[in-house]
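My notes follow the order in which I went through the model.

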Amino acid sequence: MATARGLQNFMQAVGKSGGISASNLYEFSFQPTDKLIEFYKNNLEESLLNLTSNGDKINLQLLCNEIQLPGVTYSAFDIKSIHKGITQKMATNKVYNELDVSFFMDGTSLPLRFFRGWQDFVQNGVIASPRGYYDEDQDYKRAFASNYYEDYACDMLIQKLEKYNTEEDEDYRTAWEARLVKAYPYTVSSVPYSAGPAQLVKVTVGFYYEYSHLKNGTI
């Protein structure tokens with residue numbers, strides 16, 4: 001028999017499960033390939049891939065304005081059932097939606113430099129160039145040379161953080177972790193500037209990837 005549940009019951013039930021999820025608690029990271037790391041070291045700034053707590057990696061994390069867990073959709077094939085009027089939709093292909101991430105721009109335009117550098121490595125990037133990547137006298141054909149897919153595509157991790165309820169626990173727990181396999185930035189949005197009132201400057205980066213895993217975190 002159904003029983004009525006009031007607001008107090010709801011609050012107690014949600015409290016036992018860790019509370020309401022907050023949209024502003026998340027982390028993301030990349031697992032760059034050796035060739036991509038080498039490219040940053042030789043042609044841009046090694047600090048762009050610095051993994052220390054005081055490096056640009058953390059600044060890039062803090063500049064992230066919005067990120068999403070990409071959705072998953074099944075395409076289906078219609079099969080007419082032997083029963084009149086019933087059509088079965090059999091799952092065929094699993095389609096992974098693209099990922100879009102929005103960043104605030106700091107005074108060094110860190111997100112723009114980071115992801116445009118990554119794009120430069122995808123096509124027309126030079127590894128261990130003795131003269132530096134942006135020399136004006138480099139061969140024109142470099143603009144049309146592509147690197148290998150396994151060198152510029154790397155795994156990306158997105159973690160959803162939640163607050164703990166007890167003081168003796170750590171500050172946050174990981175509710176789930178998504179692993180995007182072989183991701184790379186296929187687009188960096190235009191960045192508008194104007195002579196009007198000063199506003200926050202943003203850039204949006206779109207990623208292609210092969211597929212994603214969703215793993216449960218610590219409950």
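**Chain layout and ring pairs**

I began with contacts (heavy atoms within 4.5 Å): among those in the protein chain between residues at least 6 apart in sequence, 67% join residues at least 24 apart. I noted that the model is predicted, that local features need pLDDT of at least 70 and side-chain atom pairs pLDDT 80 or more, while totals for chains, interfaces and linings use all residues. Residues are numbered from 1 along each chain as its sequence is written, and side-chain values use heavy atoms, with hydrogens and water left out.

I then looked up the secondary structure, taken as DSSP runs numbered from the N terminus (helices H or I, at least four residues; strands E, at least two), and found five helices and nine strands, in the order α-β-α-α-β-β-β-β-α-α-β-β-β-β.

For the surface, I used Shrake-Rupley accessible areas with a 1.4 Å probe; the protein chain exposes about 14700 Å², of which carbon and sulfur atoms supply 51%. Of its 219 residues, 34% are buried (under 20% relative accessible area).

Finally I searched for aromatic pairs (ring centres of Phe, Tyr or Trp, the last by its six-membered ring, within 6.5 Å) and found 20 in the whole structure. Phe30 and Trp118 form an edge-to-face pair (planes over 60 degrees apart), because their ring centres lie 5.2 Å apart with the planes at 85°. This pair links strand 1 (residues 26-31), which holds Phe30, to helix 4 (residues 110-122), which holds Trp118, 88 residues apart. Phe30 is buried at 7% relative accessibility, and Trp118 is buried at 1%. Both belong to a cluster linked by ring pairs, which also includes Phe28, Tyr40 and Phe207.

How values were computed: Buried < 20%, exposed > 50% of the residue type's maximum accessible area, 1.4 Å probe, protein only. Phe/Tyr/Trp six-rings, centres within 6.5 Å; stacked < 30°, edge-to-face > 60°.
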